[in-house]
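Hello,

Here is the structure we talked about handing over. My notes on it follow below.

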Amino acid sequence: MLRIKRLYLFMLQSFLPLFVMTFLICLFIVLMQFLWRYIDDLVGKGLEMSVIGELFFYAALTMVPMALPLAILLASLMTFGNLGEQFELTAMKASGVSLIKSMRPLIALMVIVAIGAFFFQNNVLPVAQAKMYTLLYSMKQKSPELEIPEGVFYDQITGFNLYVKQKDRETGILHDLLIYNVSKGTDNATIIYADSGKISMTDDKSHLILNLWNGEQFENLREQGSTFSSQNVPYRRETFNDKEVLIAFDANFNRMDESGMRNQYVGKNIAELQATIDSVTARVDSVGDVYGHDIKTQRYFGLSYYKYESTDTGMRAIPQPPVAMAAPLNLDSIFSGSNPAFTKSYLNQALDKAKRSRQDFEFRSYTMNDDRRVIRRHAIELMKKFTLSMACIVFFFIGAPLGAIIRKGGLGMPLVISVFLFIFYYIIDNTGYKMAREGRLEVWEGMWLSTFVLLPLGVFFTYKAVNDSAVFNRDAYANFFRKLIGRSQMRKLELKEVVINEVDLSVATSKINNLNTLISDFLQSNPARQSYLQYWQTGYDSIRLHTIRAELEQMVDYLSNSRERLIILKLMELPELLSLWFYHPSSNKLLSWMFIILFPVGIPLYLIGLHQQRHLREQLEHIKVTDNELISLLNTPPHTNATVLQTEN
């Protein structure tokens, strides 16, 4: 018991520092992404550091749902990668502690983190999002810090364009000013030219004061009367030595009320979201019932869906009984005896009435579409309260077994795999979110799409790690593809220095003859070229082929004890027979018929299979020829074989 407690404590001590470090790193990265996204709205506004720090604090809280799953994935990969690289996982398994048992304390920790993430999403995140978006919008509305450049027009003052040729940075005097006042429109612009001037701000930072010296002002009088023609508009010219112009320019930072943002879906908790969804759904249902009733009660061609009867309790609407037509209505016969002009008029009237009715109900549908969009956005935000918690658990069950499989610690391989998996998760999650937002998928389908995709991946990695399967072993995949479409390789044998079991000529000859008999029977019973149906239904006899391969290996193993080098060299010419899938593609009749029916898939596989079968027959023929040569070598005296070998050398 004490040993298990120490193991659990060791796992927590290994995981927690890495988790905190990776979480802070991931949070910093996503926060920098936020900064680069809104950098244009922050720079040049003269904002105080306290305001920017407050924005970054709320932004960091809103970025937690993105940074937390990535941090869990990276930390679990690094933790179990380090343990695997240092053979500590191997030592645990050798002492009887399975991978799942070593993961227990971290699984309990992930459950606690998931519960905390849920309460964070429900209680903290709505407040942080409301404050962040309110503060960000307030910053966007703030006027930029006044910094007029030289040699270009400055248009950051609403309704004015200023041009300054030169500035004296010590005294603040501006030289050669040209001011366009277009606040009344470009046709009524007032132009001011001044030899020099200076700009200052009022104490309440709500207005600019322009002190101008030695200049002229030009202003047309178009607004003062409408009797002037467009070609003869009088203007007024004013020459001044000292002039003061007051311009409205609010340089204060006005914080907006966050109650408006709190009423949006980003600022609501589960109870508020559900209340909004219920109320808007009830409104949509009631409006839909009204629209449906209007469609039924509207008269078409003088006919009504209801007929009304007077009762003691008042008028009662009774649906009209359905009318069955004796024969299809011939519209041409209706207008055959009419005047063509009247016929066209009737058709145009009917068409116009149908268009007006359609436009009326389409206009009504816009309001319902807006309400449905509100319902979807609130439902999406409601689902987000739960998806983060599930994502934390899923990423742990992907990262921990994957780290145990790859057995690579540090920031190299785990970081690459984590980024790749997180990008994969982000693309799927964002795709599901957009499809749910646009109504192409149900909200729960779109928001849980990433979990549906990644959860089987976590189960697969956990299963492979528990069973010590070689998921990333290159040799395992090479052997798989070699078994599927691989080529056999020549043998590598060496002359043994010490032979315990001497080769008996009669036994060796019997083994070779038995092998040749099996090969001949196989070649005769399996045609050289099978038809399409025969290939998918029967293929080559895999049982006989397995018997031939076993006899071949036994013969090679027995003759490898020979003291004759020439026999060893001849054995190396025998290929290694493989049991490829293409020799016998399917033993399942249903699957075979599926390949037969699916011509686009079945025909290419059939052609590949014929090629592989032809290659197999060539190998078997080569084995028969080599077997006959081996019998000749075995029946040849040893000194003759030595002479032949020396001659070849």
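**What was found**

Ala 194 stands opposite Gly 215 in E5. Helices (H or I, at least four residues) and strands (E, at least two) are DSSP runs, numbered from the N terminus.

Some ground rules before the rest. This is a predicted model, where local features need pLDDT of at least 70, side-chain atom pairs count only at pLDDT 80 or more, and totals for chains, interfaces and linings use all residues. Residues are numbered from 1 along each chain as its sequence is written, and side-chain values use heavy atoms, with hydrogens and water left out.

**The sheet**

Back to those strands. Six of them form an open sheet, ordered E1-E2-E3-E4-E5-E6, with antiparallel pairing. Two strands pair if DSSP finds at least two bridges between them. The edge strands, E1 (153-154) and E6 (235-248), each pair on one side only.

Now strand by strand. E2 (residues 160-167) pairs with E3 over seven bridges, in the antiparallel sense. Val 164 has Leu 177 in E3 as its bridge partner. E2 and E3 make a hairpin with six residues between them. In its turn, Gly 172 has a positive phi of about 80°.

E3 (residues 174-181) also pairs with E4 (residues 190-201), antiparallel, over seven bridges. Leu 177 has Ala 194 in E4 as its bridge partner. Ile 179 is bridged to Ile 192 in E4.

E4 is joined to E5 (residues 207-220) by 11 bridges, and the two run antiparallel. E5 and E6 are joined by 13 bridges, again antiparallel. Asn 211 has Glu 244 in E6 as its bridge partner.

**The whole chain**

The protein chain has 21 helices and eight strands. Of its 649 residues, 37% are buried. Buried means under 20% relative accessible area, exposed over 50%, and partly exposed in between (1.4 Å probe, protein chains only). Take the contacts between residues at least 6 apart in sequence: 72% join residues at least 24 apart. Contact means heavy atoms within 4.5 Å.

**The cores**

The largest nonpolar core has 68 residues. Leu 27, Phe 34, Leu 55, Leu 68, Ile 72 and Phe 80 have the most contacts inside it. A nonpolar core is a set of buried Ala, Val, Leu, Ile, Met, Phe, Trp, Tyr and Cys residues joined through side-chain atoms within 4.5 Å. A second, separate core has 30 residues, including Leu 515, Leu 545, Leu 552 and Ile 623.

Phe 34 is worth a look. It is found in helix H1. Phe 34 is buried, with a relative accessible area of 4%. Leaving out residues up to four places away in sequence, Phe 34 touches Leu 55, Ala 59, Met 63 and Met 132. Phe 34 and Met 63 are 29 residues apart in sequence, and their C-alpha atoms are 8.8 Å apart.

The contact of H4 with H11 has 12 nonpolar, one polar and no charged residues. Ala, Val, Leu, Ile, Met, Phe, Trp, Tyr, Cys and Pro count as nonpolar, Asp, Glu, Lys and Arg as charged, and the others, Gly among them, as polar. From H4, the contact includes Met 66, Leu 70 and Leu 77; from H11, it includes Pro 414, Ile 417 and Phe 422.

Is Lys 511 buried, exposed or partly exposed? At 26% relative accessibility, Lys 511 counts as partly exposed. Lys 511 lies in helix H15 (residues 505-525). Neighbours within four places in sequence aside, Lys 511 is in contact with Gln 554, Met 555 and Tyr 558. Lys 511 and Gln 554 are 43 residues apart in sequence and 8.4 Å apart in space, C-alpha to C-alpha.

Best wishes
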